[in-house]
Structures are given as C-alpha cells and as structure tokens.
Amino acid sequence: KSYLAGPVFGWTIALLDLGLALPATVAVCVGMRRGVPWARTGLYGLVAWLALVGIAVAAMAIAMYVRDDPAMSGGQMVFMTALGVAMATTTAGVLPSRPWPG
C-alpha cells in the first residue's frame, strides 16, 4: 500500500540501498580484509552514513507513531529507535577519538 502511494520514493530508497550502500559496504569489507590503505577511510564514511540513516529512520518511526499512522506500532517504534541508537553508538566506537592528521 505504501509503495502505491509513492512509487518514486520507494524506488529512490531501493536504488540508494542496493546501488550505493550495498556495493560500498562490500568494497569496504573486502578492503578491510585485505588491509588496503583506503579501507579505513571508507569504513569511517560508511559507519557514519549508517548512523545517520539509523537516526533518520528512528525519527521517522517516532513521527509516524505520534501522528497515529496505522503502519507504525509502538513496538516497531521502540525497535527502530533502539536500532538507531545502536548504530550511532557503534559509529562512536569506530570513529577515531583524536583529530584527523593534517
């Protein structure tokens, strides 16, 4: 039902996830496994992006719940918020605690 209400939005998210996020995640994981120099920078960018997406999804879930959207339940809102917090916490643990060189 939500797809029929906004198919362009649905395809935009699918393209972003499958066309950008998935290949970037695979590339960073392979690069980290092989120890290539650019992989750590890619990791920082990837986890920061994932944290922002997690927070955005949590905010959307909260807004939907507050506005009594029938597609959002209290349990879903709590789960999405916990997931967003977990992603942000993971990012805080991965990013360097000292300033970037240069």
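View 1. L20 lies in helix α2, residues 7-34. Helices here are DSSP runs of H or I with at least four residues, numbered from the N terminus. The model is predicted: local features need pLDDT of at least 70, side-chain atom pairs count only at pLDDT 80 or more, and totals for chains, interfaces and linings use all residues. Residues are numbered from 1 along each chain as its sequence is written, and side-chain values use heavy atoms, without hydrogens or water. F9, I13, L16 and L20 make a nonpolar surface patch of about 370 Å². Such patch residues have over 30% relative accessible area and no salt bridge, with nonpolar side chains joined within 5 Å. A salt bridge puts a side-chain nitrogen of Lys or Arg within 4 Å of a carboxyl oxygen of Asp or Glu. Areas follow the Shrake-Rupley method with a 1.4 Å probe.

**View 2. The bend in α2.** At A21, α2 bends by about 30°. The bend is the angle between axes fitted to the seven residues ending there and the seven starting there. A proline, P23, follows within four residues.

**View 3. The buried side of α2.** A21, V28 and G31 are the buried residues of α2. Buried means under 20% relative accessible area; exposed means over 50%. The buried residues of α2 pack against α3 (38-66), with contact set at heavy atoms within 4.5 Å. G35 follows α2 and has a positive phi, near 75°.

**View 4. D68 in its loop.** D68 sits in the loop between α3 and α4 (74-94). Its phi is positive, about 55°, although D68 is not a glycine. Most residues other than glycine have a negative phi. D68 counts as exposed because its relative accessibility is 66%.

Note on methods. Patches are made of residues with over 30% relative accessible area and no salt bridge: like charges are joined within 9 Å, nonpolar side chains (Val, Leu, Ile, Met, Phe, Trp, Tyr) within 5 Å. Helices (H or I, at least four residues) and strands (E, at least two) are DSSP runs, numbered from the N terminus. Buried means under 20% relative accessible area, exposed over 50%, partly exposed in between (1.4 Å probe, protein chains only).
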